[in-house]
Amino acid sequence: MAEEQAPSHTARTHTAPSQQAPAHTAPSQQVPAPTAAPRQHAPSRHRVVVLALDGLLPFELGIPHRIFGKARDAEGRPLYDVVTCSVRPPGPVATDADFAVFVANGPEALATADTVVVPTSYELAPVHEEGVLTPELAAAFAHIRPGTRLVSICIGGYVLAAAGYLDGRPATTHWMHAEHFQELFPKIKVDADVLFIDDGDVLTSAGVAAGIDLCLHLVRRDHGAAVANEVARRTVVPPHRDGGQAQYIQRPVPDAQAVTTTAARAWALGRLHEPIQLRDMAEQESMSVRTFTRRFREEVGVSPGQWLTQQRVERARHLLESSDLSIDQVARDAGFGTAQSMRQHLQAALGVTPTAYRRTFRSGTGVGGAFDNSLVPSGG
């Protein structure tokens with residue numbers, strides 16, 4: 001095992017076990033009581049409703065459709081319904097590009113959502129400058145049923161914050177806006193270093209492409225790593241990115257000839273089942289342990305020990321889903337050594353035991369039972 005141990009939640013992607021996360025309730029000061037509405041979609045599919053706001057980024061608007069829309073079960077059937085709505089009746093919505101998009105659904109579609117996704121908008125001055133919802137937004141949010149999962153991409157988190165959904169919770173946003181976000185919403189526990197934060201029924205992500213990371217995480221959480229990995233392959237993106245926002249903050253350009261830690265990471269990935277010491281990885285790059293650790297953090301955003309634990313957790317998840325190996329054998333093959341060690345790491349990272357994880361994602365249902373079904377709407 002590596003010399004360093006990972007904390008109970010990694011510093012890159014914060015995931016709170018959802019059995020500990022209370023169902024959110026919208027504060028009455030910001031959002032009127034939700035209106036009752038019957039479900040209008042097949043109960044076997046989880047409905048994702050994407051809220052298109054003026055000034056949106058077309059790229060972000062397309063992320064949920066691309067990720068959730070590509071998720072399929074073993075028979076090739078779609079696992080999600082994805083629709084887009086506006087805060088106004090059907091019509092054009094302005095973007096930050098030289099074109100508008102026509103949105104065919106009004107705010108009433110939010111009443112049918114199991115998950116609501118709020119991408120970035122750059123034309124919401126009251127939200128971004130005063131921390132309050134516009135009347136249109138407040139009226140739109142009134143359609144959202146209690147217990148609906150809420151997700152923001154980049155500074156879309158300002159909308160959830162202005163609605164009061166993030167009060168007292170951990171949250172993230174684009175690193176360039178994190179300081180202002182914290183000042184405007186002091187009740188939020190802002191973490192500017194992570195790519196996304198999963199706080200059960202409310203999830204926030206960092207800038208732009210971190211929305212892909214978060215949507216893939218939700219597919220993984222709902223249906224397991226195999227489904228999420230297939231979506232990632234179809235989309236030609238990594239199923240899981242190492243590190244956090246720290247690696248994207250502007251720094252002086254390094255010497256093009258500088259040694260990196262890429263070879264050491266590749267070497268370690270081929271030997272996850274073996275004990276790996278920090279000095280072993282440093283030797284692959286002919287560096288001292290101190291220099292290697294500093295360079296590794298600069299490139300990846302986490303320590304070598306934390307990174308190894310993340311990779312071993314992902315390896316264990318894959319084996320639990322795709323093989324009939326015993327728990328002891330999975331623990332050995334993933335590099336944890338013992339079933340007890342693996343149990344502790346999976347409990348810390350995922351909030352479930354290896355047996356519970358396998359039971360959920362080998363059951364054929366693919367719905368996130370390992371994360372407490374009481375927090376997953378019955379339509380999911």
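**Exercise 1.** Is W307 buried or exposed?

Before starting, note that this is a predicted model, where local features need pLDDT of at least 70, side-chain atom pairs count only at pLDDT 80 or more, and totals for chains, interfaces and linings use all residues. Residues are numbered from 1 along each chain as its sequence is written, and side-chain values use heavy atoms, leaving out hydrogens and water.

*Solution.* Buried means under 20% relative accessible area, exposed over 50% and partly exposed in between, with a 1.4 Å probe and protein chains only. W307 has a relative accessible area of 1%, so W307 is buried.

**Exercise 2.** Classify the ring pair of Y158 and F181.

*Solution.* Rings of Phe, Tyr and Trp (its six-membered ring) pair if their centres lie within 6.5 Å; planes under 30 degrees apart are stacked, over 60 edge-to-face and the rest tilted. The whole structure holds seven aromatic pairs. For Y158 and F181, the centres are 4.9 Å apart and the planes stand at 50 degrees, so this pair is tilted. Y158 lies in helix α4 (residues 157-162) and F181 in helix α5 (residues 178-184), 23 residues apart. Helices here are DSSP runs of H or I with at least four residues, numbered from the N terminus.

**Exercise 3.** Now classify the pair of F296 and W307.

*Solution.* The ring centres of F296 and W307 are 5.8 Å apart, with 70 degrees between the planes, making the pair edge-to-face. F296 belongs to helix α10 (residues 289-300) and W307 to helix α11, 11 residues apart. F296 is buried too, at a relative accessible area of 0%.

Definitions and conventions. Helices (H or I, at least four residues) and strands (E, at least two) are DSSP runs, numbered from the N terminus.
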